[in-house]
Every structure is written in C-alpha cells, then in structure tokens.
Amino acid sequence: MNLGPRLLSVAKFVPKGSVVADIGTDHAYLPISLVENKIVDKAFACDIHAGPYQVAQKTILAAGVSSQIDVRFGDGITVLSPGEVDVLTIAGMGGALMVDILSKCPRVTADLKGVVLQPMNGAALLRSWLYQNGWKIDEEDLVFDEGRLYEVMHAVHGHTAMPEDILMEIGPMLWQSHHTLLRQHIENLLFQSKRVLTGMASSEQAKQSEKYSFVLEKIKELEARMQCL
Ligand SMILES: C[S@@+](CC[C@H](N)C(=O)[O-])C[C@H]1O[C@@H](n2cnc3c(N)ncnc32)[C@H](O)[C@@H]1O
C-alpha cells in the first residue's frame, strides 16, 4: 500500500511496535501500510459510516492482513476498550470533530501513549483543547500533498505552559523547529484571515463585532511573526 505525502506524514509519527487505532479510516490505507511496513503488528481500523466500514473490510481482506487489523464500526473511540491501543491516528476530518471524538471516552484516552492528528481545518481550536485537557504537542509537521499544505501533530499526556494564542494558530512546534514550510504556512493563515476580514468589512455591524477585532489582531500578530523569519 503506497501512501501519499499526507498520510505518510501521519504514519511517521506512529512508534514502531505500538498498537494503533485509525479513527475515520475510510479505505484503511493507513493501518494497512503500517502493518505491511512492519511498523505495527496489530491495528484497528474504525469508521462510523457503513460504506467506509465495508470498503475497509474489503481492502484489508484483499491486502491479506485481516489477522492483524480488526475493523470496528461506530463513533470515534467508543468502539475501543481502555488499554486496547497505544496510539490513535485521526486524519482527514475537521479539528472540531476530532475534539468531539477525543472528549467522548476519557477511559480510553487515559491509557494512550500518544495521538497523531491531521486536521483539515480548526487546528487552533484542536491545539487549544489539547493543552486545556492534559495533552501537550511534542512534534508537528507540515506537508504538501496535491498542491495543498497539511498540518500534522503528535500529542502526549502532560502539562506544560500554555503557548501564546498566536502559536495555537501557527503550531508551537512548527514555530520552535523553524519548519521549512513555515513561511508558506503563515502566508496561508494570513490569506485566510484577510479573506474573512474582507468579507466582514462591507458591514458596519460586522466591523463593530468581537470577531472582527479578533481577526484584525490575528493578522497583525501573524505579520509580526513573518518579520521574524
Ligand atoms: C475524509 S475521510 C478521511 C479518511 C482517512 N482518515 C484519510 O485521512 O484519508 C473521513 C472519514 O471519517 C469517518 N468519520 C467521520 N466521523 C467519524 C466518527 N465520529 N467516528 C469514526 N469515523 C468517523 C467518515 O466516515 C470518513 O470515512
């Protein structure tokens, strides 16, 4: 199973020898690749929808790895028992949905050694939730795949000082490591924020709102960070 750059970046955060559950697995490409490449011996491929669940079963069967990958049907980590897995991978969905999934079963998340998350949006919300709920991000990556830049983060249990708000947007470890794609990433964040501001600028009421001030401040801080690169 050949993964694209996005899922390869997620895979590289999975420690060798761990038991992994891929939540929202769809075709199960990620757990199949992890097993085929002998990164893990045992994996769970989990999905809430019948279509992807059935496709995952078929793909796993065709790849000849059914004895090593358990396919589970249901919502997020509710399909797992405490202590059953070491690591979760959750990729290709929004940050808010990831927060919902991670919040649902504290008895399952308590036993985890790490989580690998690749949000399609809402990364700042996800990072804030992690820091407020006993997690800290220890590594992050940026990867280009088919012309789009993706954020990937690895978090472990632990308490640490809450990063500044602007680093929740950028990614504290991306900033700390001076990631090679950091400039493009901040340019993207600036582009998105400026688009939101332009959309609001035609309404006097919107310009008086807290959201407008928040976005304006975010743009100033992102521009200041760009000057430091
Ligand atoms: C866009 S696909 C991403 C597939 C794969 N993880 C990837 O990154 O390429 C999102 C998948 O998440 C599943 N999903 C959405 N909400 C879920 C939930 N609460 N629990 C489990 N799976 C979920 C969907 O059915 C879908 O198969």
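**Exercises on helix packing, cores and loops**

Tyr29, Ile32 and Glu36 of helix α2 meet Thr59, Ile60 and Ala63 of helix α3, where contact means heavy atoms within 4.5 Å. You are looking at a predicted model, in which local features need pLDDT of at least 70 and side-chain atom pairs count only at pLDDT 80 or more, while totals for chains, interfaces and linings use all residues. Residues are numbered from 1 along each chain as its sequence is written, and side-chain values use heavy atoms, with hydrogens and water left out.

**Exercise 1.** Work out how α2 and α3 pack: are they roughly parallel or roughly antiparallel?

*Solution.* 
- Start with the elements: α2 covers residues 29-36 and α3 covers residues 50-63. Helices (H or I, at least four residues) and strands (E, at least two) are DSSP runs, numbered from the N terminus.
- Next, take the geometry: the angle is about 20° and the axes are 10 Å apart. Axes are lines fitted to C-alpha atoms, for helices over the stretch in contact, and angles run from 0 to 180 degrees between N-to-C directions.
- That angle makes α2 roughly parallel to α3. The classes are: under 35 degrees roughly parallel, over 145 roughly antiparallel, 65 to 115 roughly perpendicular, and the rest oblique.
- A crossing is left-handed if the near helix is turned anticlockwise from the far one by less than a right angle, and right-handed if clockwise.
- Finally, sort the α2 and α3 contact by class: four nonpolar, one polar and one charged residues. Ala, Val, Leu, Ile, Met, Phe, Trp, Tyr, Cys and Pro count as nonpolar, Asp, Glu, Lys and Arg as charged, and the others, Gly among them, as polar.

**Exercise 2.** Now try α9 and α11: at what angle do their axes cross, and how do their contact residues divide by class?

*Solution.* 
- The axes of α9 (residues 182-201) and α11 (residues 210-227) come within 9 Å and cross at roughly 155°.
- The two helices are therefore roughly antiparallel to each other.
- The crossing of α9 past α11 is left-handed.
- Residues in this contact include Ile186, Leu190 and Leu197 of α9, and Tyr212, Leu216 and Ile219 of α11.
- By class, the α9 and α11 contact holds 13 nonpolar, one polar and seven charged residues.

**Exercise 3.** Repeat the steps for α4 and α6: which residues make the contact?

*Solution.* 
- Here the axes come within 8 Å and cross at roughly 25°, so α4 and α6 are roughly parallel to each other.
- α4 passes α6 in a right-handed crossing.
- Gly95, Ala96, Met98, Val99, Leu102 and Ser103 of α4 face Leu125, Leu126, Trp129 and Leu130 of α6.
- This contact has eight nonpolar, two polar and no charged residues.

**Exercise 4.** Find the largest nonpolar core: how many residues does it have, and which element gives the largest share?

*Solution.* 
- A nonpolar core is a set of buried Ala, Val, Leu, Ile, Met, Phe, Trp, Tyr and Cys residues joined through side-chain atoms within 4.5 Å.
- The largest one has 31 residues, and those with the most contacts inside it include Ile23, Leu88, Ile90 and Leu117.
- Elements that each supply at least two residues of this core include β1 (19-23), β4 (87-93), α4 (95-104) and β5 (114-119).
- α6 gives the largest share of this core, five residues.
- Another core, apart from this one, has 27 residues, among them Leu3, Val10, Val65 and Val71.

**Exercise 5.** Compare four positions: are Ile69, Ala28, Gly122 and Glu146 buried, partly exposed or exposed?

*Solution.* 
- Buried means under 20% relative accessible area, exposed over 50%, and partly exposed in between (1.4 Å probe, protein chains only).
- Ile69, in strand β3 (residues 69-73), has 4% relative accessibility and so counts as buried. Leaving out residues up to four places away in sequence, Ile69 touches Pro31, Ile32, Val35, Ala43, Phe44, Ala45 and Ile60.
- Ala28 sits in the loop between β1 and α2 and, at 0%, counts as buried. Ala28 has a positive phi of about 65° although it is not a glycine.
- Ile69 and Ala28 lie 41 residues apart in sequence and 9.3 Å apart, C-alpha to C-alpha.
- Gly122, in the loop between β5 and α6, counts as partly exposed at 34%. The C-alpha atoms of Gly122 and Ala96 are separated by 6.3 Å.
- Glu146, in the loop between β6 and β7, counts as exposed at 81%. Glu146 is not a glycine, yet has a positive phi of about 45°.
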